[in-house]
Amino acid sequence: MKRAEQLAKTRQTIIKTATKLFLEKGYGNTSTRDIAKDIGITQPALYHHFSDKEVLYLDVLTNLGEKVRQDINRVMRLRDIDIEERLWRITKVLLKYHPMNPYSQFQSAKKLLSDSAKRKLNMLFKMDYIQPITAYFRLPEVSLRPDLLPNEAAELFIAELAPLFETFQDFGGHNVSKEERDKIMLDVFVHGIEAAPHAAE
């Protein structure tokens, strides 16, 4: 294998491993030493491809965010599905790529990043997560509260999905699957925890 091909292969392996560790453990709990060890290379070898942890993290999120945005846009282009099914499929995109709540992870990482890296992270989060989900909340059939803008609803939506990514009370009994519980929690987010009041007779 030519040197250029070997370098490209190593770089992709670093990104793949770093993606897994950053998403599972978070930015603060993942070191470049952890990533290098998991791959079986030295830390200096990793730095040959990425000058520091911030650069690697932002590269990981650039690649990941593009996939998230493409999948959400694909859901938005689907025809003949109702708004609840569309929102559920958007939720499934986030669950597919993130073992932990992305909003919480990004907020935690921001506390540790340099100012320039924070700006880049904010831009990526807005472009790949907020804007595609905002498109859902702009649909004419989606009725938002009058005091909430579509982009605010999108950010709140991602933040409020935290229970779907964490160990949670197994309400509904053992016969309720994880997907059914996730749908219940999503429904609670959209419609609230109380049943709709009965119309006056």
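In the predicted model, helix H4 (residues 53-76) packs against helix H7 (residues 115-137) at an angle of about 10°, and the axes of the two helices lie 9 Å apart. Two packed helices are described by the angle between their axes and the distance between the axes. Angles under 35 degrees count as roughly parallel, and H4 and H7 are therefore roughly parallel to each other. The contact of H4 with H7 comprises 16 nonpolar residues, together with three polar and five charged ones.

By residue class, the lining of the largest cavity contains six nonpolar and two polar residues, with no charged residue.

Helix H7, in turn, contributes to the largest pocket, as set out below. The volume of the largest pocket is about 530 Å³. Its lining is made up of 20 residues, of which Leu87, Phe137, Phe189, Val190 and His191 are the closest to the centre of the pocket. Two or more lining residues are given by each of helix H5 (83-97), H7, helix H8 (150-160) and helix H9 (178-191). The greatest contribution to the lining of the largest pocket is that of H9, which provides six residues. In composition, the lining of the largest pocket divides into 13 nonpolar, two polar and five charged residues.

The order of elements from the N terminus is accordingly α-α-α-α-α-α-α-α-α. The C-alpha trace of the protein chain spans about 75 × 40 × 35 Å along its principal axes. Of the 201 residues in the protein chain, 38% are buried. When contacts in the protein chain between residues at least 6 apart in sequence are considered, 65% are found to join residues at least 24 apart.

Definitions and conventions. Residues numbered from 1 in each chain as written. Predicted model: local features only at pLDDT ≥ 70, side-chain atom pairs only at ≥ 80, totals over all residues. Heavy atoms only, no water. Axes fitted to C-alpha atoms, helices over the stretch in contact; angles between N-to-C directions. Helix = DSSP H or I, 4+ residues; strand = E, 2+ residues; numbered from the N terminus. Parallel < 35°, antiparallel > 145°, perpendicular 65-115°, else oblique. Nonpolar A, V, L, I, M, F, W, Y, C, P; charged D, E, K, R; others polar. 1 Å grid on protein atoms, 1.4 Å probe; cavity = no way out; pocket = protein on both sides within 12 Å on 5 of 7 lines; lining within 4 Å. Points joined across faces, edges and corners; volume = space filled by probe spheres on them. Buried < 20%, exposed > 50% of the residue type's maximum accessible area, 1.4 Å probe, protein only. Contact = heavy atoms within 4.5 Å.
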